[in-house]
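Biologist: I have a chain to learn today. Could you take me through it step by step?

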Amino acid sequence: MTVTFFPAEPAAGATVLGASIHCPADPRQDRRRFRDYTAATAGLAEHHQFCTDPWCAGQAGYVVEHRSTDGEPRLNLASVHARTLLRALGLCPEIGAGDLHPATMAGIAPSTPQDAEDALVGSLPAELMLGRVELALAAAPDDAGVPATEHRDGAVIDCGRPVGWLQTRLAVLREVTLYARAHQRDVVWV
Ligand SMILES: [Zn+2]
């Protein structure tokens with residue numbers, strides 16, 4: 001499972017700029033450009049006339065839609081890493097005092113593992129996200145990284161994090177956030 005941080009869609013929706021047909025052929029042989037997804041889907045029937053790739057044999061074509069938002073900055077992370085980033089941003093609930101002293105915290109729901117999952121989907125106005133990113137960049141100690149580990153019992157493999165991981169990901173998220181702010185959009189993660 002992965003989580004992607006990106007600028008929210010424009011209020012009027014992304015503009016479809018056209019569509020094309022891709023397949024295993026590299027470089028692409030079928031260079032036709034269609035006005036939209038429907039036209040390209042109809043064009044799949046003639047793909048074999050434009051493509052002689054042996055792996056495709058004219059049969060493995062699929063439609064790729066081109067949208068005005070395609071080139072926008074985004075940050076894609078494995079969910080375990082997204083949780084680390086959200087924690088640095090103060091956006092991932094942790095086990096708090098309420099869990100340690102439930103009797104004195106009556107009426108306050110303790111955080112649960114489900115809360116941590118819920119945090120992997122959200123949105124924030126770009127200005128607020130920028131504040132959190134700047135704060136995290138200023139406050140976070142240099143990420144010492146985590147060595148890769150493999151848990152054979154549960155088939156969970158943690159690939160670890162290289163040194164400086166947090167800072168470089170925060171820098172990319174800052175780009176995403178600045179773009180969103182320049183276009184009056186929220187930052188979304190899902
Ligand atoms: Zn092909």
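Modeller: Start with a term: two strands pair if DSSP finds at least two bridges between them. Keep in mind that this is a predicted model.

Biologist: Which residue in β9 is the bridge partner of Ser123?

Modeller: Look at β6, residues 122-125. It pairs with β9, residues 186-189, over 4 bridges in the antiparallel sense. In β9, the partner of Ser123 is Val188.

Biologist: In what order do the 4 strands of the open sheet stand?

Modeller: β1 and β5 are joined by 4 bridges, and β1 and β9 by 3 bridges. β6 pairs with β9. That gives an antiparallel sheet in the order β5-β1-β9-β6.

Biologist: Which strands stand at the edges?

Modeller: An edge strand here has a single partner, so one of its sides is left without a neighbour in the sheet. The strands at the edges are β5 and β6.

Biologist: By how many degrees are neighbouring strands of this sheet turned against each other on average?

Modeller: Strand direction is ignored for this angle. The average is 15°.

Biologist: Which residues of β1 form its covered face?

Modeller: Helix α3 lies across β1 and β5, and helix α7 lies across β1, β5 and β9. The uncovered face of β1 has Thr2, Thr4 and Phe6. The covered face has Val3, Phe5 and Pro7.

Biologist: Which residue in β5 is the bridge partner of Val3, and which in β9 stands opposite Pro7?

Modeller: β1 runs antiparallel to β5 and also to β9. In β5, Val3 is partnered by Leu77. In β9, Pro7 stands opposite Val187.

Biologist: Which element gives the largest share of the largest nonpolar core?

Modeller: That core has 22 residues, and Phe5, Leu85 and Val187 are among those with the most contacts inside it. β1, β5, α3, α6, α7 and β9 each give two or more residues. The largest share is 5 residues, and it comes from α7.

Biologist: Which residues does Leu85 touch, not counting those up to four places away in sequence?

Modeller: Leu85 is one of the core residues with the most contacts inside the core. Leaving out residues up to four places away in sequence, it touches Leu77 and Arg169.

Biologist: How many residues are in the second, separate core?

Modeller: Its members include Ala19, Ile21, Ala25 and Cys51. The count is 6 residues.

Definitions and conventions. Residues are numbered from 1 along each chain as its sequence is written. This is a predicted model: local features need pLDDT of at least 70, side-chain atom pairs count only at pLDDT 80 or more; totals for chains, interfaces and linings use all residues. Axes are lines fitted to C-alpha atoms, for helices over the stretch in contact, and angles run from 0 to 180 degrees between N-to-C directions. Two residues are in contact if their C-beta atoms, placed from the backbone, lie within 7 Å. A residue is buried if 20 or more other C-beta atoms lie within 10 Å of its own, exposed if 12 or fewer, and partly exposed in between; C-beta atoms are placed from the backbone. A nonpolar core is a set of buried Ala, Val, Leu, Ile, Met, Phe, Trp, Tyr and Cys residues joined through C-beta atoms within 7 Å.
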